[in-house]
Amino acid sequence: MNSSEQIEGCIVHNYNDGDLISCFDENIPDNVIKEIARKQPLRVVFRDSSFADSPSKINVGEIFKLIAPDTSIKVI
């Protein structure tokens, strides 16, 4: 089962009730990343252009370490 929702203007796709969550929007704000992390997905996928710079990408890892440490993160 797959569903999509909008979180603060970003489209977030949820597959199989949290097996995989993805968001491919540009410049995803931290509060959207935190909201995704709170869902405790097994895996999460973002695209490289979703982040303004390397520190933004590193910050995603830090957010998930705090909120959902077991989530596998992939940036493509």
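Tutor: Start with Cys-23: its sulfur sits 4.8 Å from the closest cysteine sulfur, the one in Cys-10, and that is too far for a bond. Keep in mind that this is a predicted model. Look from the other end and the answer holds, because the closest cysteine sulfur to Cys-10 belongs to Cys-23, at 4.8 Å, again too far for a bond. For a disulfide, the two sulfurs would have to be within 2.5 Å. The count for the structure is accordingly 0 disulfides.

Are these two cysteines buried or exposed? Cys-23 has 0% relative accessibility, so it counts as buried. Cys-10 comes out at 5%, and therefore counts as buried too.

Now for the strands around them. Strand β2 covers residues 10–15 and strand β3 covers residues 20–23; the two run antiparallel and are joined by 3 bridges. In this pairing, Tyr-15 of β2 faces a partner in β3, namely Leu-20. The hairpin that β2 and β3 make has 4 residues between the strands, and Asn-16 adopts a positive phi there, near 55°.

Back to Cys-23, which also has a bridge partner in β4: Phe-46. That bridge belongs to the pairing of β3 with β4, which is parallel and has 4 bridges. To get from β3 to β4 the chain passes through α1, and this β-α-β crossover is right-handed.

β4 has another parallel partner. Spanning residues 43–46, it is joined by 4 bridges to strand β5, residues 72–75. The chain gets from β4 to β5 by way of α2, in another β-α-β crossover that is right-handed.

As a general point for reading strands like these, side chains in a regular strand alternate between the two faces of the sheet.

The side chain of Asn-59 makes a polar contact of 2.8 Å with the side chain of Asp-30. Asn-59 is partly exposed, because its relative accessibility is 28%.

Charged pairs come next, and the structure has 5 salt bridges. One of them pairs Lys-65 with Glu-62, with 3.2 Å between the closest N and O atoms. Both residues belong to helix α2 and are 3 residues apart, about one turn of the helix. Lys-65 has a relative accessible area of 56%, so it is exposed. Glu-62, at 38% relative accessibility, is partly exposed.

Another salt bridge brings together the side chains of Lys-57 and Asp-48, at 2.5 Å from N to O. Lys-57 counts as partly exposed, at 30% relative accessibility. Asp-48 is partly exposed as well, with a relative accessible area of 38%.

Then have a look at Lys-39 and Glu-5, whose side chains form a salt bridge of 3.0 Å, N to O. This pair ties together distant parts of the chain, 34 residues apart: Glu-5 is in strand β1 (residues 2–7), while Lys-39 is in the loop between α1 (30–38) and β4. What is the relative accessible area of Lys-39? The value is 32%, which makes Lys-39 partly exposed. Glu-5 has 34%, so partly exposed is the word there too.

Finally, a word on confidence. Confidence is highest in β4, at 98, and lowest in α2, at a mean of 93. To come back to where we began: Cys-23 is buried, its bridge partner in β4 is Phe-46, and its sulfur is too far from that of Cys-10 for a bond.

Definitions and conventions
Residues numbered from 1 in each chain as written. Predicted model: local features only at pLDDT ≥ 70, side-chain atom pairs only at ≥ 80, totals over all residues. Heavy atoms only, no water. Buried < 20%, exposed > 50% of the residue type's maximum accessible area, 1.4 Å probe, protein only. Polar contact = N/O pair within 3.5 Å; in protein donor to acceptor, adjacent residues only side chain to side chain. Pairing = 2+ DSSP bridges. Right-handed = clockwise from strand over helix to strand, strands pointing away. Salt bridge = Lys/Arg side-chain N within 4 Å of Asp/Glu carboxyl O. pLDDT = per-residue confidence, 0-100.
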